[in-house]
Amino acid sequence: MRVSTAYSFESSVSALQRRQEEMSRAQQQMTTGKRVERPGDDPTAAAQVERALVEESRGRSMLRTLDASRNVMTLTESALGDAGDLAQRAREALVAAGNGGYSGSERLTMANQLKELRNQLFAVANQQDGAGNLLFGRQGNTSGPYVDNGSSVTSAANGGGLAGSNVENLPLSIDGPQVWLQVGSGNGVFETSAGTSATPNTGSGWVSAGSVTDPSAWNALASHSYSVAFTQDPSTGALSYSVTDDATGSAMADANGNTSFAYQSGKAITVVPGISFAVSGTPDASGDSFHVGESTPDLNVFKALDRAVAALSNPNANNGQVMQAVNAGISDMDQVLGSFQSARAMVGETLNRLDGVESRTGGRILAAQTTRSNVEDVDMVQAISEFTNRQTSYQAALQSYSMVQKLSLFNYISG
Amino acid sequence: MNPTSLLSLGASGMMAAQAQLSTTGHNIANAGVDGYSRQSVRAETASGLYSGSGYFGRGVEVRTVEREVNGFLTDQVAQTNSQASADKVRNQMLGQLESSIGTGENGLGYTATQLFNAFGDVAAEPADASARRVVLERADDLASMFRSTAQSMASLQSGVSQDLKNSVAEVNNLTQRIADLNGQVAATRGSPQKPNDLLDARDQLIKELSSYVQVNRVEQDDGSMNLFVGGSQSLVVGTNAYQFKASPDASDTSLMRVSLDVAGVSRQLDSSTLVGGRMAGLLQFQDEDLAAAKTHLDTMAQGITTAMNNQQAAGWSLKVDASGQPVAGAALFSIDSLGALNMKVGAGMSTDDIAASAQGASITSPRSNNANALAMQQLGTTATVSGSTFTDYFSQVIADVGVRVQTATSRADVSSSLASDAQQQLGSVTGVNLDEEAAKLLHFQQSYQAAAKVLQVAQKVFDTLISLGS
């Protein structure tokens, strides 16, 4: 085919330019390290890169929230540890106060000690993290969640614990009132009490917290409210007791059909199926009564201590009232300690879980980075070989152009 | 038979050789001129002179100078050139559109995610003014990124409009010149000789015109060339050139429309009617690619504004009304009929206006409730824009633009190589090859020398005759 000189000049120059452009593009890929620089290079990859980048950024945000959560949980864990120590000391003080030999003023010392411990516990309950957030606060309040209004402590908080994320469970506070104000009363299954508020006991008898011997038998009972009343044999002076079902008003009978039993201090009363408790000391047969009721989730750490303090501060209290207060106090403290421990276990578990969330989120970030790198980054070996290839072809094009361009018949026409 | 006939034989050979040398010189001189068709001399043997002893040749006659021409290839070059310039300009504009939409860490998707994440920090510290300040800054970032993206699209549009105006002016100039040339060509009709250089000039002008708008050509008997656009709209008829006009769209003045005035009737031509040429490429970019990108951008701006403002209104800010009751959050973004071009952070937004708290009678202090901040953060993963999450929608937009660029690039590659093939084919028929011309130069020079030699011999013959008489 004929080649037009003008076209051959034009086309070889544009071929040179194309080669140069290809080489500079290969060089650019090597210097930026990116295969996909513009969406047009590979639209699908560009969209994938975009998603991966956002996924990575979300993961980083999650990690930041996770750090905040871990910080709060660590503080809460140590606050609950402190609270447990204080409750343990209160329990020890109560045990000591049960010493029958103590005089009224000695008991007052113990009462003061308990009051001090109570105040410390109150401070722990209202503890803040460094940023002014309440550890045991709940959604929607910033003032101290627990208010001491003199006679009782109430919660100004409501809602649930503050969550750090809607996706993962990253608590920023724990549900405080459940830990501090809503402990199960009694021994957690049933609670015992002496007398009623209308007619306090006058004798020196006291009732133990009792224990569950057969949970299914207790659960099967229609009624969970019983009263113990005493009668005194006028001739021998021996005390006997009977247990009444408050719901029906009928007396409880043992296997032999007996409804009245001889009283012996400290002997277990087992006539109510499934549970066992003991009355000790000398109850007054004229009106003293002891009651068994279902445990309710309303035991308040501060109220329990306040009750014990009030009983111990009374210099005229008889041995029965003191023992009742001590016994009830110890049982309450056990419940409180249980509540602290379970909350601490939950916080510990949360901290554990946060580690899991962290490694999972780290994995997600890594996966996103890998995706990004896979679709976007250039394979250096390939890029270098391609660059060399392009360089060679550009060189060849330049050389051949200059050689061909020199050839012309005019060079051989001599004037 | 006489010696003078030998003289005239030599002279005719010399004249023919000179004509060929001068045509070769013309070819060499025009070797680099666009649209020049190589010319050659058509020489014919002069008819013989009868004598009793047969026909004696009377030398050579120069019949005409003709140009190498191939109507099919010339038309092919114009048509492929037309398609190539449409694809090229669309590809260029799409390249600019592609760079106006930032990607990765400079992209809308990442910036919006930064905003969603900032709400996560507010959720961790609902009352922290610095976390709230970050939200406002990120919101401002996002709004200004929307604005600047919309701004660069608007300037692309005004570039397209300007370009269309310039193209229309250039087309009107070219059609006028073609019409003038038609007149000059028609004027030579009486002569059997063709005005080669005028025809070349007209073909070249039509080729230039084709790069703006694709035309169909119909040659008339008088040698003038009629041109039509969009199938059957007259553009040049004889010595009349009809005017193109560029004017803003009646319903959307930011768009530019192209119309052709024929006999007082203005007819609008869109990219599909124009088929090829720079104007078709520009119109296609304006009506399809840029319009789609603008719609996507406005949909995203509208979607995120609505979602975030609604969520703000569903929560409580830190501000209280006259009765001490917390008030709902103010609108985070404001947007008007201009769409993304005028997206701003709500007027007078302060850190206290961010609604981090949920609303509810049980919430005594919005300072320590984070439910609404979490919901704001959650907007990053919920469908806020046309049934997709913001990120997904943005990824689709990027992929969409990317696919357009990719398609346009490959189409531009194909059509430019087709154009260059057609050019090469035409060049191989009509172009000047300097080596060939050099060879011809030698060849015709030798012919000239040979013919001169004949004259010399004729002179010798005369001399011999004359010396006989002395």
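Me: What distance separates the centres of domain 2 and domain 3 of chain B, taken over C-alpha atoms?
Reply: In this predicted model, local features need pLDDT of at least 70 and side-chain atom pairs count only at pLDDT 80 or more, while totals for chains, interfaces and linings use all residues. Residues are numbered from 1 along each chain as its sequence is written, and chains are lettered from A and ligands numbered from 1 in the order in which they are written. Domain bounds come from an automatic or database domain assignment, with domain 2 of chain B covering 74-96 + 165-285 and domain 3 covering 104-151 + 291-401. Over C-alpha atoms, the separation of their centres is 51 Å.

Me: Which element gives the largest share of the side of chain B that touches chain A?
Reply: Two residues are in contact if their C-beta atoms, placed from the backbone, lie within 7 Å; in these terms 54 residues of chain B meet 45 residues of chain A. The elements giving two or more residues to this side of chain B are α3 (108-124), α8 (371-378), α9 (390-430) and α10 (434-469), where helices (H or I, at least four residues) and strands (E, at least two) are DSSP runs numbered from the N terminus. The largest share, 17 residues, comes from α9(B).

Me: How many charged residues does the side of chain B that touches chain A have?
Reply: Ala, Val, Leu, Ile, Met, Phe, Trp, Tyr, Cys and Pro count as nonpolar, Asp, Glu, Lys and Arg as charged, and the others, Gly among them, as polar. On that side of chain B there are 18 nonpolar and 30 polar residues, and the number of charged residues is six.

Me: Against which elements do the buried residues of α8(B) pack?
Reply: A residue is buried if 20 or more other C-beta atoms lie within 10 Å of its own, exposed if 12 or fewer, and partly exposed in between, with C-beta atoms placed from the backbone. Helix α8(B) is mostly covered, with seven of its eight residues buried, including B:Leu374 and B:Met376. The elements of chain B against which these buried residues pack are α3, α7 (278-313), β12 (315-320) and β16 (357-358).

Me: How far apart are the end C-alpha atoms of helix α5 of chain B?
Reply: The expected span of a helix is 1.5 Å times one less than its number of residues. The 17 residues of α5(B), 196-212, should therefore span 24 Å, and this agrees with the separation of the end C-alpha atoms, 25 Å.

Me: Which residue in the turn of the hairpin of β6(A) and β7(A) has a positive phi?
Reply: Strands β6 (226-232) and β7 (239-245) of chain A pair in the antiparallel sense over seven bridges, with A:Thr231 opposite A:Ser240 in β7(A). Six residues lie between the two strands, and the turn residue with a positive phi of about 80° is A:Gly237.

Me: What is the bridge partner of A:Ala229 in β11(A)?
Reply: Strand β6(A) also pairs with β11 (289-294) of chain A, in the antiparallel sense over four bridges. In β11(A), the partner of A:Ala229 is A:Ser289.

Conventions: Pairing = 2+ DSSP bridges.
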